[in-house]
Amino acid sequence: PITAMFPFGESGLMMAGRGSLTFLTADPVVSGAQMVRMSNGVGVMGPDAWCQGPEKTCYVASGDGVYLIQPNQFNIQRGQSVTTGRLDAFFTGINPSEIDLHLAYDPPRGTIVMYVNQLHTLHTSHNHAVVVDLQGD
């Protein structure tokens, strides 16, 4: 099932399940629009577990971390997470069906903020800030 749909690239639409990403390259009424499978392992944990990034990129929270997706990147593999080595224990210890996760991008700080709420526990939430290196250093 589709867990999230969001605009991506110039005029496309990303459709995500928990373990897959499929990209509709343009409006279907335009000739040449294609459905492109971008990943069979990386998906999006929920309807708000993604955010737009700089220069038409986006970030998605999948079951094992947060991934940066570039506009012309069509083969996203597990293990290419921008949070590898930083939030591994967090992602290993959560059950996606028990949380509500939201991502937001803060351009001036170059930071992704991840809001995590426990669905079945009152007043329990965790906020994580993931620093995104925009300079590629």
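This is a predicted model: local features need pLDDT of at least 70, side-chain atom pairs count only at pLDDT 80 or more; totals for chains, interfaces and linings use all residues.
Trace the chain along its sequence and the order reads β-β-β-β-β-β-β-α-β-β-β.

**The whole chain**

The protein chain exposes about 7600 Å². Carbon and sulfur atoms supply 52% of that area. Of its 137 residues, 41% count as buried. Now think about contacts between residues at least 6 apart in sequence: 35% of them join residues at least 24 apart.

**First stop: aromatic pairs**

The whole structure holds four aromatic pairs. Two of them are on this tour.

Select Phe-6 and Trp-50 and show their side chains. The ring centres sit 4.2 Å apart, with the planes at 15°. That angle is under the 30 degrees cut-off, so the pair counts as stacked. Where do Phe-6 and Trp-50 lie? Phe-6 belongs to strand 1 (residues 4-8), and Trp-50 to strand 5 (residues 50-52). The pair therefore ties together parts of the chain that are 44 residues apart in sequence. Both Phe-6 and Trp-50 are buried.

Phe-8 is in strand 1, while Phe-23 is in strand 3 (residues 20-24). The pair links distant parts of the chain, 15 residues apart. Are Phe-8 and Phe-23 buried or exposed? Phe-8 is buried, and Phe-23 is too.

**Second stop: salt bridges**

Side chains of opposite charge can pair when their charged atoms come close. A search of the whole structure finds two salt bridges.

Select Lys-56 and Glu-10. Their closest N and O atoms are 3.7 Å apart, and the two residues form a salt bridge. Lys-56 is in the loop between strand 5 and strand 6 (58-62). Glu-10 is in the loop between strand 1 and strand 2 (12-17). This pair also links distant parts of the chain, 46 residues apart. Check the surface at each end. Lys-56 is partly exposed, at a relative accessible area of 40%. Glu-10 has a relative accessible area of 68%, so Glu-10 is exposed.

Last, select Arg-109 and Asp-106. What joins the side chains of Arg-109 and Asp-106? They meet in a salt bridge, at 2.8 Å from N to O. Colour Arg-109 by accessibility: with a relative accessible area of 63%, Arg-109 is exposed.

How values were computed: Residues are numbered from 1 along each chain as its sequence is written. Side-chain values use heavy atoms; hydrogens and water are left out. Helices (H or I, at least four residues) and strands (E, at least two) are DSSP runs, numbered from the N terminus. Buried means under 20% relative accessible area, exposed over 50%, partly exposed in between (1.4 Å probe, protein chains only). Contact means heavy atoms within 4.5 Å. Accessible areas come from the Shrake-Rupley method with a 1.4 Å probe; for residues, only the protein chains shown count as cover. Rings of Phe, Tyr and Trp (its six-membered ring) pair if their centres lie within 6.5 Å; planes under 30 degrees apart count as stacked, over 60 as edge-to-face and the rest as tilted. A salt bridge is a side-chain nitrogen of Lys or Arg within 4 Å of a carboxyl oxygen of Asp or Glu.
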